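Subject: Model handover and findings

Hello,

Here is the model you asked about.

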Amino acid sequence: MDTTGVLDEALERLHTTGPEFDDWLSNHGPMAVEALVRRGEGGGVHRWLDRYTTRLEDRPASGDPVREDAWADALGDPRRLGDWLDHFDRLLVTDPREPWRAVLATWWPRLLPGIAAGATHPVIRVGHAVVGLRAEENTPRLRELAHGLGYWAARYQPLPADLALVSSPYAAAEALRAVPPVADQSRGIVHRLDQLTELPDWPTARDVSGPDDVPGRLTELVDAAVRYYATHAHGSAVMLVHAATAPNAVLRTLPDLPRALWEPALAAAWSASAAVTAAYRPAGPAGAAHPGSASAEELFARSAAHGDEHAIKLADTVLDVAARHPEDVVARSATLRATELIDPL
């Protein structure tokens with residue numbers, strides 16, 4: 001529980017800005033400040049925002065409200081970003097008819113097939129928003145969920161419909177290593193995802209007997225993706241962060257979703273992680289950086305000082321992995337690798 005009010009102040013500052021800037025880059029501010037406050041680095045949040053917000057743009061205006069009976073027509077239309085933000089603001093803040101968990105339960109299955117939207121940033125933003133709301137329900141945090149869902153709806157992007165699912169190895173780590181790279185890695189993520197032709201069918205390689213199996217399988221995926229980053233981050237130190245943080249956002253959201261939605265969430269999380277891995281997979285692994293005796297908490301503090309939003313988000317996920325595997329040097333080295341390869345803020 002944040003008793004300082006820093007998170008809510010930071011969110012209110014950020015809600016005057018849009019989810020994107022420079023045409024398509026994602027506004028990571030809300031995700032980063034939630035992680036910083038939750039991990040004990042709230043004292044530097046406003047100074048961090050003073051630097052970060054100089055690049056952001058104003059929140060886009062609404063011009064054509066999303067209709068309840070025609071929402072599918074506006075799905076995946078980035079020109080309707082302001083309309084989608086206002087739509088969810090009405091559902092969650094200005095004219096709420098249901099609790100936020102009910103709104104999430106309605107829209108999660110509608111948006112989940114487009115989990116690759118915005119290079120997975122919207123689902124990650126939703127995950128951070130849910131964590132904040134679970135700690136305390138108030139207007140800034142409800143509005144943050146509205147921004148995350150609105151961003152997801154506007155950038156909704158399914159993976160190719162003809163994507164083949166092929167038999168995969170048993171474990172998540174082996175499945176990630178089996179993901180074939182896309183042929184042309186010369187352009188951005190939309191171009192890369194359009195080239196996907198097949199992915200290992202990891203969630204069904206070992207039978208999932210019901211919702212009770214899902215948290216463990218998602219945890220396995222997050223752990224594997226963090227370790228993969230430690231040795232493959234040179235493929236794209238920024239973009240490969242999302243192969244770990246996207247499934248972790250789904251994992252964090254599970255407790256607030258109906259159990260009937262858990263198994264589809266697992267499949268979608270795997271698709272997102274594997275797709276990002278395919279899009280930015282390097283030719284081969286490199287040696288993991290050795291963090292020495294530094295704890296995951298100390299490495300998070302280094303990431304906070306480094307200031308890059310991707311390094312902060314990855315270090316936040318690494319802390320989750322380290323809580324499960326305190327002696328896992330490779331996982332901790334992922335945090336160090338990010339601060340080595342990504343330019344500081």
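The notes below go from the whole chain to single residues.

**Ground rules**

This is a predicted model, so local features need pLDDT of at least 70 and side-chain atom pairs count only at pLDDT 80 or more, while totals for chains, interfaces and linings use all residues. Residues are numbered from 1 along each chain as its sequence is written, and side-chain values use heavy atoms, with hydrogens and water left out.

**Overall**

The protein chain has 17 helices and four strands. These are DSSP runs numbered from the N terminus: helices are H or I, at least four residues, and strands are E, at least two. The radius of gyration of the protein chain is 19 Å, close to the 20 Å that the globule rule gives for 345 residues, so the chain is as compact as a globular protein of that length. That radius is taken over C-alpha atoms, and the rule is 2.2 Å times the number of residues to the power 0.38. Along the principal axes, the C-alpha atoms fill a box of roughly 50 × 45 × 40 Å.

Buried residues make up 57% of the 345. Buried means under 20% relative accessible area, exposed over 50%, and partly exposed in between (1.4 Å probe, protein chains only). Take the contacts (heavy atoms within 4.5 Å) with a separation of 6 or more: residues 24 or more positions apart account for 78% of them.

**H242**

H242 lies in helix α13 (residues 242-253). It is buried, at 0% relative accessible area. Its side chain reaches the backbone oxygen of M239 at 2.9 Å. Leaving out residues up to four places away in sequence, H242 touches H28, A119, T120, H121, I124, P247, H310 and K313.

**E309 and the W48/Y52 pair**

E309 is in helix α16 (residues 309-324). Its relative accessible area is 5%, so E309 is buried. What does E309 touch, not counting residues up to four places away in sequence? The list is H28, A32, W48, Y52 and R55. E309 and A32 are 277 residues apart in sequence but 5.8 Å apart in space, C-alpha to C-alpha. The side chains of E309 and R55 make a polar contact of 3.5 Å. A polar contact is a pair of N or O atoms within 3.5 Å; within protein, one must be able to donate a hydrogen and the other to accept it, and residues adjacent in sequence count only if both atoms are side-chain atoms.

The structure holds seven aromatic pairs. The ring centres of W48 and Y52 are 4.7 Å apart with the planes at 10°, so this pair is stacked. Rings of Phe, Tyr and Trp (its six-membered ring) pair if their centres lie within 6.5 Å; planes under 30 degrees apart count as stacked, over 60 as edge-to-face and the rest as tilted. W48 and Y52 both sit in helix α3 (residues 45-52), four residues apart, about one turn of the helix. W48 is buried at 2%, and Y52 is buried at 0%.

**More rings**

W84 and F88 also form a stacked pair, 5.9 Å centre to centre with 25° between the planes. Both lie in helix α5 (residues 81-94), four residues apart. An α-helix has 3.6 residues a turn, so residues three or four places apart point the same way. W84 is buried at 0%, and F88 is buried at 0%. Ring pairs link W71, W84, F88 and W107 into a cluster.

Two arginines sit over rings. R217 lies over the face of W202, 4.4 Å from the ring centre. The charged end of R259 is over the ring of W262, 5.3 Å from its centre. The test is NZ of Lys or CZ of Arg within 6 Å of the ring centre and within 35 degrees of the ring normal.

**Helix α17**

The buried residues of α17 include R332 and R337. Their cover includes α12 (214-232), α15 (296-306) and α16. At the start of α17, a side-chain oxygen of D328 comes within 3.2 Å of the backbone nitrogen of V330.

**Backbone to check**

D22 is in the loop between β1 (20-21) and β2 (25-26). Its phi is near 50°, positive in a residue other than glycine. D22 is partly exposed at 47%. D23, in the loop between β1 and β2, has a positive phi of about 80° and is not a glycine either. D23 is exposed, at 69%.

Best wishes
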